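Subject: Structure for your review

Dear colleague,

Please find the structure below, followed by an account of what was found in it. I would be grateful if you would read the two side by side.

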Amino acid sequence: MESSSSSSFVILSAFIISFFLLASSPSKALAQQHNFLQCVASHSNQSMPQLYVPKSPSFLSVLQSSIYNLRFTSPATPKPLFIITPNHESQIRAVVVCSKKHGLKITVRSGGHDFEGLSYRANVPFVLIDLVNFRTIDVNIKDNNAWVQAGATLGEVYYRIAEKSPVHGFPAGACPTVGVGGHISGGGFGLMVRKYGMAARSCSRRQNYQWERRNS
């Protein structure tokens, strides 16, 4: 009889502890979300950016909007605590400041595909900044230059150049769905690479010329 009572007490204790953990975990997550939102609001000079949490109805559709590698759409893939789609630079600064303050890693997605999933997954708690709203392209044929925001894709850049000129081009990759931000940050091969080099942030004209000469 005593043994039966002891077993019942252990089971009841385990149930109470489990219930407490389940009840407290959502409260902790809500508190973290609330504190993060307050931080972003206090550091942003503009209105609050659009922010999605795992409970948001549109969370999964926004997260998977540019995931081309379907292995990373599985439930086992780590999800961000927040997805932010800013529409002003000050909102990005606010998210960076608050992520550091709350010990959260930041991943940045620039609009194109990422088969490695480096821009939308991490093994530690993280925040995803999606630059889908930063896709302005301003082509100036007269000065032979263009200003392109990081959220645009290569295909969009090629299209805007073709609108202005039938003879101008840009020496970037051959895949139109690649995001400009990721492509230019690391560089990529394209159809004009032998003559004009890679479209990469760290390449100067001299480096491009030397690369072309070595590979001619």
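The buried residues of helix H4 pack against strand S5, strand S6 (145-148) and helix H5 (180-186). Contact here means heavy atoms within 4.5 Å, and buried means under 20% relative accessible area, with exposed over 50% and partly exposed in between (1.4 Å probe, protein chains only). Helices (H or I, at least four residues) and strands (E, at least two) are DSSP runs, numbered from the N terminus. The buried residues in question are Leu154, Val157 and Ile161. They fall within an arc of 60° when H4 is viewed down its axis, so they line one face of the helix; the arc is that of the directions from the helix axis to the C-beta atoms. Tyr159 and Ala162, on the other side of H4, are exposed.

Please note that this is a predicted model, in which local features need pLDDT of at least 70 and side-chain atom pairs count only at pLDDT 80 or more, while totals for chains, interfaces and linings use all residues. Residues are numbered from 1 along each chain as its sequence is written, and side-chain values use heavy atoms, with hydrogens and water left out.

Salt bridges

The structure holds three salt bridges, each being a side-chain nitrogen of Lys or Arg within 4 Å of a carboxyl oxygen of Asp or Glu. Glutamate 163 counts as partly exposed at 46% relative accessibility, and arginine 160 is partly exposed at 37%.

Glutamate 156 and arginine 135 also meet through their side chains in a salt bridge (2.9 Å, N to O). Glutamate 156 belongs to helix H4 (residues 154-164) and arginine 135 to the loop between S4 and strand S5 (137-140), so the pair ties together parts that are 21 residues apart in sequence. Glutamate 156 is partly exposed at 27% relative accessibility, as is arginine 135 at 31%.

A further salt bridge joins the side chains of aspartate 130 and arginine 109 (2.7 Å, N to O). This pair links distant parts of the chain, with aspartate 130 in strand S4 and arginine 109 in strand S3, 21 residues apart. Aspartate 130 and arginine 109 are both buried.

Serine 110

Serine 110 is situated in the loop between strand S3 (105-109) and strand S4 (126-130). With a relative accessible area of 13%, serine 110 is buried. A polar atom of its side chain lies 3.2 Å from the backbone nitrogen of glycine 182. Leaving aside residues up to four places away in sequence, serine 110 touches Leu131, Ala150, Gly151, Ala152, Gly179, Val180, Gly181 and Gly182.

Disulfide

One disulfide is counted, the criterion being a pair of cysteine sulfur atoms within 2.5 Å. It joins cysteine 39 to cysteine 98, with an S to S distance of 2.1 Å. The link is left-handed, with -95° about the S-S bond. Cysteine 39 is in helix H1 and cysteine 98 in helix H3 (residues 89-101), so that distant parts of the chain, 59 residues apart, are linked. Cysteine 39 counts as buried at 5% relative accessibility, and cysteine 98 is buried at 0%. Cysteine 175, at 33%, counts as partly exposed.

Aromatic pairs

Three aromatic pairs are counted. Rings of Phe, Tyr and Trp (its six-membered ring) pair if their centres lie within 6.5 Å; planes under 30 degrees apart count as stacked, over 60 as edge-to-face and the rest as tilted. Among them, phenylalanine 36 and phenylalanine 82 are stacked, at 4.5 Å centre to centre and 10° between the planes. Phenylalanine 36 lies in helix H1 (residues 2-43) and phenylalanine 82 in strand S2 (residues 82-85), 46 residues apart. Both of these phenylalanines are buried.

Another pair is formed by phenylalanine 72 and tyrosine 120, whose ring centres are 6.2 Å apart with the planes at 70°, so the pair is edge-to-face. Phenylalanine 72 is in the loop between helix H2 (59-63) and S2, and tyrosine 120 is in the loop between S3 and S4, 48 residues apart. Phenylalanine 72 and tyrosine 120 are both buried.

With kind regards

Conventions: Polar contact = N/O pair within 3.5 Å; in protein donor to acceptor, adjacent residues only side chain to side chain.
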